[in-house]
Amino acid sequence: MASRTSTRRPVPSQLSVSAEQRPTVNVEEWEAMAPLSELAVKSINAIKAASEVPPLPFKFSSEEAGPSRPSTPNQPGTAPSTHALHPKQPVQTPQQFYDWFALVDRSVSHSQEAHFRAHVANVAEHLETCDRLLGWIDEVDQEVDKMLEGWRGVEEGGKSLKDACERLLEDRDKLLEMTEEIGSRLEYFQELEYATRMLNHPGESLVLQTDFLYMVERVDICIDFLKTHRHFREAEVYLLRYQQCMTRAMTLIKMFFVGSLRALSSDVSKRMAEKMHLLYTRFKSVTPQLAPLLGELERRARVHPDELSALLAECHSAYFAARKSLLINRLTEEIRGLDPERTELVELTRAGCSYLKQLCTDEFNLYREFFDSGEELLYQYLENLCDYLYDDLRPRILHEPRLTALCEVCTVLQALMVLDLPGLQDHASDEDEDADEPAAAGKPRGLGRLHISHLLQMVLQDAQTRLFFKAQAIIQSDIRYYAPGAEDLMYPDKLVAVRKPTSGNEIKEKENINQIFRLPSLDKQDTWYPTLKKTVWVLSQLHDFVKPAIFDDIAQEAVSLCRQSLVAASNALAMRHPATTTLDGRLFLVRHLLILKEITQNLDLVQRDVEPSIDFSGVTDTLALMLSKTTAMLPDRLFTTLGMPRSNESIKEAKHDIDHELRRACEGVIDHCASTITQPLIAWTARVRDYAPPKDAPTAPLVTQPWAQQSAAEELDANFRQACQDTLRINVNSLRLYLEDSRTVEVLVTHIRERIVDEYAAFRDVVWGMYAGAMRETVLPLDTLRELLEAECTEE
């Protein structure tokens, strides 16, 4: 046992040495790194419980009977003991006893240290187990490292293999793509053989074959491809050969179309005498066959104009020549049937242009069945057809002397051209598209609809030109150089005659007057001066038939000359009997200038920048507009009464001249009506203010003069009152006779009364200071005078 103990004790030192060589791991880390299962924990607890009670030494096992302490030597006669501690020989000497006792003592000590030695042995076993485990772990680590190295090698090898496979796939895809690209591009070169083979076996039915248009489409695609890839080998050679194939194909289409037209024209010309409808039905019957071919030619001509535009032009020329050869005889017969030499101009224009419009419409629609281009050539062809009528119609228009006939011609032409207006054109084009949708399905229409205005414009311009010059001639002869007769200046007799009741048997001719010339006094235009009637008539005829700029020029000229003629007529009327017709001349001018002013307002010769915001309730619109631009010729109180500000607005010359003359005429009327009543008062007041005493009697008072005595002043006042009762009423009645609008009359009468009141107030102030108040009761108060004047001006 001692030797065993001595042999096992160095183990902890070895463990400590090995522990120094390895990383130190404490219990907590070990627990964390190597957790025990429940079964392992139970096993350790069982070992722990067993280790707490160390077993007895083998020599003290239960198998040995007897006490644990050594017994005394056997008595003589007993059997000798076999226990190890029993002395082999009886103890006879103290030394033997001491040896035996030492042996027992060592045995007791050894037995007391037995559980320690057992624990050390267990620990040593555990350490050995741990050493073996560590060794196994190292081996496992080495194996894992080897496996990791092997895995890395496999991964690197697999990745290399994958990369190699991917490179092979990429190379394969590139080769396939290159093969496809080469094959797709070779198709553009290989198509030449098929196209050449088809075109080398031409026949009359070749262009009608389904593969023909497909071949043309493929050749067109190949040409576009080679034009964009000229760097390809032999691309220029193939491009040239493809273009030759395209030209040959389009030439075949042209030849087939021209041949079909010739055959068709020959057939129609033979049968047209019996059936006129063949002119269009036979041509329309071949459109399903020819239209797709012509569409291909038009489309290629747009893309390749240098090579194919000449072929398309030949097709257009052949078509127009064929149609013209068929239509000329029929057209000339129809025009000859209209009898251009004898038929009235308006009826000739209406019938001829209506026929041409229908003919051009039919030709246009038929052309659209075949072609989708060549609009300029088409209109030239239609204009050539129209020239057959225009050659007879133009001379008649240019020599027509009647203005009304020219206006009716313009009306007829504008009625035929009305569908070309923007609003109606869009609506009509929508209807045409809906009607032609079944026939035109799949074929885009670039021609749109027929613009008949392009064909009738020349005739309309001729008519408008003739109308303009004729109107100018009328303006010069009947307005500018008009010589009035005695019956033209019979005013106010004409106005009085109009107011007389008329019998029911009188029939008045209906006149064609434009809506813009519908004035309130138009129904009494018999009372107008002839130049004014002629101006309105000419402008009403021209308004709808000439361009606005031209109409403005001629309207300004007509209005200006009419104003001058009215001024001259007014002066002539005033000079006929100066004592009685002066007011008639001025009222004549006011009446006609107001009408002329209203006409210019309707013509809109003046551009209104600012609309008046004041209510002109006391006057007519025309007079209010005139007074809003008046000058200092009229008193400021007139503007205050009308509620209108002064304006320095720039206007056109014709309107400005009318305003100027109208202002002068109104001022003349106000001045004349007031002066015929207040002239004696004005002269007497001025004489009093300018009085100077004679040199022989420098101190003589003014009232000593015979003309300045109180009786003379009273006589003047009485004459003034009588004039207010007689002359003022006559003048006001004349105003009402000439100016039929009560508001206009009221404006002028109001300012006449104010003028009279102002002059009488000046006379009243003078007489109050001359006779020491003796005439204060004689002269009228101003309020009483206003009431008197208002009563005299009231209409009975």
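Reader: Fine. What am I looking at, and how are residues numbered?

Author: This is a predicted model, in which local features need pLDDT of at least 70, side-chain atom pairs count only at pLDDT 80 or more, and totals for chains, interfaces and linings use all residues. Residues are numbered from 1 along each chain as its sequence is written, and side-chain values use heavy atoms, with hydrogens and water left out.

Reader: How many helices and strands does the protein chain have?

Author: The protein chain has 26 helices and zero strands. Both are DSSP runs numbered from the N terminus (helices are H or I with at least four residues, strands are E with at least two).

Reader: And what share of the residues count as buried?

Author: Of the 796 residues in the protein chain, 38% count as buried. Buried means under 20% relative accessible area, exposed means over 50%, and partly exposed is in between (1.4 Å probe, protein chains only).

Reader: What about contacts between residues at least 6 apart in sequence?

Author: Among those contacts in the protein chain, 77% join residues at least 24 apart. Contact means heavy atoms within 4.5 Å.

Reader: Let's do helix packing. At what angle do H19 and H23 pack?

Author: Helix H19 (residues 548-576) and helix H23 (residues 653-689) pack at about 20°, with their axes 9 Å apart. Axes are lines fitted to C-alpha atoms, for helices over the stretch in contact, and angles run from 0 to 180 degrees between N-to-C directions. H19 and H23 are therefore roughly parallel to each other. The cut-offs are under 35 degrees for roughly parallel, over 145 for roughly antiparallel, 65 to 115 for roughly perpendicular, and oblique for the rest.

Reader: Which residues make the contact?

Author: From H19 they are Gln-556, Val-559, Arg-563 and Val-567, and from H23 they are Ala-654, Asp-657, Ile-658 and Glu-661. By class, the contact of H19 with H23 has four nonpolar, one polar and three charged residues. Ala, Val, Leu, Ile, Met, Phe, Trp, Tyr, Cys and Pro count as nonpolar, Asp, Glu, Lys and Arg as charged, and the others, Gly among them, as polar.

Reader: Now H14 and H18. How do their axes cross?

Author: The axes of helix H14 (residues 403-417) and helix H18 (residues 530-542) come within 10 Å and cross at roughly 25°. That makes H14 roughly parallel to H18. H14 contributes Leu-403, Thr-404 and Cys-407 to the contact, and H18 contributes Trp-537, Gln-541 and Leu-542. The residues of this contact divide into four nonpolar, two polar and no charged.

Reader: And H8 with H10?

Author: Their axes come within 10 Å and cross at roughly 140°. That makes H8 oblique to H10. Residues in the contact include Phe-256 and Phe-257 of H8, and Glu-296 and Arg-300 of H10. By class, the contact of H8 with H10 has nine nonpolar, two polar and two charged residues.

Reader: Changing topic. How many salt bridges are there in the whole structure?

Author: A search of the whole structure finds 25 salt bridges. A salt bridge is a side-chain nitrogen of Lys or Arg within 4 Å of a carboxyl oxygen of Asp or Glu.

Reader: Where do Arg-300 and Glu-296 sit in H10?

Author: Arg-300 and Glu-296 are four residues apart in helix H10 (residues 287-303), so about one helical turn separates them. Their side chains meet in a salt bridge of 1.9 Å, N to O. Both are buried. A network of salt bridges links Glu-217, Asp-220, Glu-296, Arg-299 and Arg-300.

Reader: Which helices hold Glu-363 and Arg-323?

Author: The side chains of Glu-363 and Arg-323 meet in a salt bridge at 2.5 Å, N to O. Glu-363 lies in helix H12 (residues 345-370) and Arg-323 in helix H11 (residues 305-337), so the pair ties together parts that are 40 residues apart in sequence. Glu-363 is buried, at 1% relative accessible area, and Arg-323 is buried at 0%.

Reader: Last one. Where is Glu-234?

Author: Glu-234 is in the loop between helix H7 (210-228) and helix H8 (235-271). Glu-234 has a positive phi of about 60° although it is not a glycine. Most residues other than glycine have a negative phi. At 46% relative accessibility, Glu-234 counts as partly exposed.
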